[in-house]
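Subject: The structure we talked about

Hello,

Here is the structure I promised to pass on to you.

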Amino acid sequence: MTLPELPKDLVEEILCLVPATSLKRLRSTCKRWNRLFIDDKRFARKHTDKAAKQFLPLMLTKNYRICPINVNTPSLEVKNELSLLDPHSAAQFNIDRVFHCDGLLLCTSQKDSRFVVWNPLTGVTKWIELGDRYNEGMAFVLGYDNKSCNKSYKILSFNFCNKDSEIYEFSSDSWRVIDDIKPRHYLEYSRKCVSLQGNTYWFGIDRRRRLWDPSMALLKFDFGTEKFGYVPLPRPCQVHGFEASNLSVVRDEKLSVLLEDSSTSKTEVWVTNKIGENNVVSWSKVLALYPRADFWHGASCLLDEEKKVVLCCKSKRWMEEGDKVYIVGEDNKLKIMDSGVYTIEGSCPTILNYIPSLVQIERAGGKRKRGE
């Protein structure tokens with residue numbers, strides 16, 4: 001007996017509820033579904049709105065590769081490296097920095113005057129040449145105007161040497177210098193730089209600081225207005241001698257900061273309730289921890305607000321095999337797991353929450369393409 005074929009609209013409604021990673025396995029079912037998942041911008045938006053989000057921790061390893069990890073206390077599973085081929089050499093692209101925004105990974109390599117924006121779920125890539133503008137002090141972050149109906153992605157290029165910042169627009173495939181006055185703070189990268197709802201947040205250090213006074217601030221770059229701004233840190237940073245040492249995103253909804261009091265080893269974890277117009281923000285404390293002194297130094301952390309635990313990745317100590325992953329919660333007991341991988345030598349480990357998505361990458365003229 002031949003089963004009747006379901007109406008196309010009904011099939012799409014069902015598929016919109018399927019988690020993104022499961023859709024990837026369904027791509028080979030038929031050509032129509034493959035085109036739907038890869039090339040249909042309307043379906044991608046609909047799926048983002050309706051499907052439950054998945055949160056997959058990723059680690060950047062010493063081999064310049066990205067590895068998904070699965071944490072099931074007391075064990076930790078490191079999955080196969082994600083493959084990112086360099087079209088120039090047909091070899092794996094060496095990644096030494098990775099930045100996540102909206103299901104896309106912006107990957108850079110210090111020894112290459114190109115970088116790539118990559119959707120690991122769909123295989124979409126966009127390679128961007130820097131040409132004469134390349135220098136070793138450059139860093140890049142990805143974002144979009146969250147007040148616009150259609151997401152048009154942009155890249156901010158900034159320089160640790162205080163040169164002009166530039167914007168790359170996917171819609172025009174071009175760079176331009178932005179006019180906004182730079183903040184008085186150095187913009188730090190790596191574990192202290194995250195994306196939330198299209199905007200980028202950094203910790204910055206006051207250029208006028210004294211050596212014994214780090215004067216840390218939380219900065220924001222709004223990709224809609226293309227301007228820098230300041231977001232107030234939780235009150236303990238302002239009056240009680242705490243210093244902000246780690247910044248992360250909670251379930252793609254909130255910012256989380258980790259505050260340390262070096263005199264007592266007390267650590268507090270705070271999250272934003274809301275970031276409103278003019279960067280008005282409210283914070284709430286979700287955890288108070290008492291690990292050993294300097295435990296958080298050189299660490300990259302993620303907060304699980306629901307379970308009230310912090311997942312932390314630290315570089316290995318001398319004579320240790322591989323980097324360690326720690327979990328610490330309200331009971332202040334450290335659970336230690338060997339990741340079995342090595343993060344990049346000479347840099348802090350990177351751990352981030354990746355959200356698989358069907359999001360597409362825009363080409364100049366408004367078209368979308370699977371890869372370039």
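To begin with a term, pLDDT is the predictor's confidence in each residue, on a scale from 0 to 100. This is a predicted model, in which local features need pLDDT of at least 70 and side-chain atom pairs count only at pLDDT 80 or more, while totals for chains, interfaces and linings use all residues. Residues are numbered from 1 along each chain as its sequence is written, and side-chain values use heavy atoms, with hydrogens and water left out.

The chain has an average pLDDT of 79, and 78% of the residues score at least 70. Please treat one stretch separately: over residues 367-372 pLDDT stays under 50. For that stretch the model has 23 contacts beyond four places in sequence, a contact being heavy atoms within 4.5 Å.

In secondary structure, the chain comes to 5 helices and 25 strands. These are DSSP runs numbered from the N terminus, with helices being H or I of at least four residues and strands E of at least two. Of the 372 residues, 50% are buried, meaning under 20% relative accessible area, against over 50% for exposed and in between for partly exposed (1.4 Å probe, protein chains only).

Helix α3 (residues 31-39) has W33, L36, F37 and I38 buried. The buried residues of α3 pack against α1 (8-15), α2 (20-26) and α4 (41-50).

Next, a hairpin. Strands β15 (residues 216-222) and β16 (residues 227-231) pair in the antiparallel sense over 5 bridges; two strands count as paired if DSSP finds at least two bridges between them. F221 stands opposite F228 in β16. Between the two strands lie 4 residues, and E226 in the turn has a positive phi of about 60°.

Two loop residues also have positive phi without being glycine. R251, with phi near 50°, is in the loop between β17 (243-250) and β18 (254-261), and counts as partly exposed at 43% relative accessibility. K308 has a phi of about 55° and is found in the loop between β21 and β22; K308 is partly exposed too, with a relative accessible area of 27%.

Happy to go through any of this with you.

Best wishes
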